[in-house]
Amino acid sequence: MTAPVRYETSRVEPGGMFAAFAGERRDGHDFAAQVVTDGAAAVLAARPVGVPAVVVDDVRAALQLLAAEVVTRLPHVHRIGVTGSSGKTSTKDLLGQVLGRLGPTVAPPGNRNNELGVPETVLLTTARTRFLVTELGARHVGDIAALMPVVRPHTGVVLGVGSAHIGEFGGREAIARAKGELVEALPDTGLAVLNADDPVVAAMAGRTVARVVTFGRHASARVRAERVVLDGAARARFVLCAPAGTAEVALRLHGEHFVTAALAAATVALDHTDDVALVADALSAATPRSAGRMRLTERPDGVTVLDDAYNANPESMVAGLRTLVAMAAGRRRTVAVLGQMNELGAGSAAAHAEVGRAAVRLGVDVVVAVGNQDAAGYGGAHVADRQAAAGLLRELLEPGDVVLVKASNSLGLSVLVEGIGQSVRSAPPSTGTEIPVR
Ligand SMILES: Nc1ncnc2c1ncn2[C@@H]1O[C@H](COP(=O)(O)OP(=O)(O)OP(=O)(O)O)[C@@H](O)[C@H]1O
Ligand SMILES: [Mg+2]
């Protein structure tokens, strides 16, 4: 095989392998012949498909076994797992760019954090690879534990325990139990990187035999951000303080909450280098690698769009609103287009109302709520879907407005962003006034 194993036909490369799964709507086996015609070397399949194939009983188990075997055969690769309710992809993307300064690093863009995406990521490692960064998602207790034999991480990062997927989990205690499965799996030679600002995460120090290093804003954190300020585009600047020294970081990501991701990435990197200036420089140069996460564009007519249409849960909604408001200075109005949050279970209506109250408290000028009856709890104008939202925004937006679009991916608001942002150009570096934070 001269190219990676993929389970989506659109991503199979010539010389690679296609792992065929039967999905809800389509069965990968039906595409096997086409994929091989297009250049794939072989298919991993659950039944003969008429083209070169490795036929197994269980394709998912086979994919995971392949990944586990690669881990065994490439023991020199330092393997890192990242989990938490929000910020996994962002942290993984930062780690890719920071560790990339130290050696060849596998940290592919996007959200490959489940029982298929994780082994697929592991299978990207080669004899040249020095670091492998995997994003570990969970919707149930046991999900992360099940991925541990596939990754066998040396380093485990836990960002925060929020309320994403709380409906599926059944409560915050279950979420904490699930996220902690990562540090429980670390060996005594490993490293647990824990967020000192989240007491539930900090308490996970008691659940691991690995060495623990904390990060955060809290004075007790070993790797800290001090003197955090935001510029007019809500990009954070801070002094990175670590036992090895201090250095200035100026992030290009929009939102104070990315300080957490940056500190987590710095903590991992500083376990492999004492060069704090290099780590700070890599963080300052890092750009968003995965779509739909706080991407800023400015229309020629002067409307600024902050696209965060990929993901929404109560904590990230509030982080998004804070970012929007931090960009208000010198602009006409702040407009929050908020899609419904999914998988919040019995507390869903209350969680939406709480986000609505946060919008009021923070002083957001206009709220457009998109989606079901729970979404109406955001307050402001309520529309059922993105088409209606697009119509409303065409009427509403004026030059000088800054618009946050934030929702779960399933609502498709990224299409709305494209509509608003037609013929956009990248935002120039801001020279806005600095806002001291706390
Ligand atoms: N520390 C944080 N606190 C609150 N929100 C955050 C934090 N870090 C990132 N976010 C926000 O959470 C959203 C998702 O970010 P990201 O995709 O990095 O998270 P994720 O954990 O990978 O999510 P998913 O569960 O979809 O994989 C974005 O809106 C981002 O701005
Ligand atoms: Mg993710």
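In the predicted model, Glu-115 and Arg-60 are joined through their side chains by a salt bridge with an N to O distance of 3.9 Å, where a salt bridge denotes a side-chain nitrogen of Lys or Arg within 4 Å of a carboxyl oxygen of Asp or Glu. Glu-115 is placed in the loop between S6 and H4, whereas Arg-60 belongs to helix H2 (residues 59-73), so the pair ties together parts that are 55 residues apart in sequence; helices (H or I, at least four residues) and strands (E, at least two) are here DSSP runs numbered from the N terminus. Both partners fall into the intermediate class of accessibility: Glu-115 is partly exposed at a relative accessible area of 31%, and Arg-60 is partly exposed at 41%, given that buried means under 20% relative accessible area, exposed means over 50%, and partly exposed lies in between (1.4 Å probe, protein chains only). The model is a predicted one, in which local features need pLDDT of at least 70 and side-chain atom pairs count only at pLDDT 80 or more, while totals for chains, interfaces and linings use all residues. Residues are numbered from 1 along each chain as its sequence is written, chains are lettered from A and ligands numbered from 1 in the order in which they are written, and side-chain values use heavy atoms, with hydrogens and water left out.

Over the whole structure, the search returns 26 salt bridges. One of them links Glu-120 with Arg-112, the closest N and O atoms being 3.3 Å apart, and here both residues are buried, Glu-120 with a relative accessible area of 2% and Arg-112 with 17%. Glu-120 and Arg-112 also take part in a network of salt bridges that links them with Arg-6, Glu-8, Arg-11 and Glu-13. A further salt bridge, at 2.9 Å from N to O, is formed by the side chains of Glu-354 and Arg-357; both residues lie in helix H12 (residues 348-362), 3 residues apart, which is about one turn of the helix. Glu-354 is partly exposed at 37% relative accessible area, and Arg-357 is likewise partly exposed, at 47%.

Thr-89 is part of helix H3 and Asn-111 of the loop between strand S6 (105-106) and helix H4 (117-122), so the pair ties together parts that are 22 residues apart in sequence. Thr-89 is buried, with a relative accessibility of 5%, whereas Asn-111 is partly exposed at 30%.

Ligand 1 is surrounded by 21 residues, of which the closest are Lys-88, Ser-90, Arg-293, Asp-308 and Asn-311, a residue being near a molecule if one of its heavy atoms lies within 4 Å of it. This shell divides into 4 nonpolar, 11 polar and 6 charged residues, with Ala, Val, Leu, Ile, Met, Phe, Trp, Tyr, Cys and Pro counted as nonpolar, Asp, Glu, Lys and Arg as charged, and the others, Gly among them, as polar. Helix H3 (88-99), helix H9 (258-269) and helix H11 (314-326) each contribute at least two residues to the shell. Oxygen atoms of ligand 1 are approached by a polar side-chain atom of Ser-90 at 2.5 Å, by one of His-257 at 2.8 Å, and by a side-chain N or O atom of Glu-135 at 3.0 Å. Taken alone, ligand 1 exposes 630 Å², of which the protein buries 90%.

With regard to backbone geometry, Met-294 has a phi near 50°, a positive value in a residue other than glycine. Met-294 is located in the loop between helix H10 (276-285) and strand S14 (295-298) and is buried at 3% relative accessibility. Glu-343, also not a glycine, has a positive phi of about 60°; Glu-343 is found in the loop between strand S16 (334-339) and H12 and is partly exposed, with a relative accessible area of 30%.

Note on methods: A polar contact is a pair of N or O atoms within 3.5 Å; within protein, one must be able to donate a hydrogen and the other to accept it, and residues adjacent in sequence count only if both atoms are side-chain atoms. Accessible areas come from the Shrake-Rupley method with a 1.4 Å probe; for residues, only the protein chains shown count as cover.
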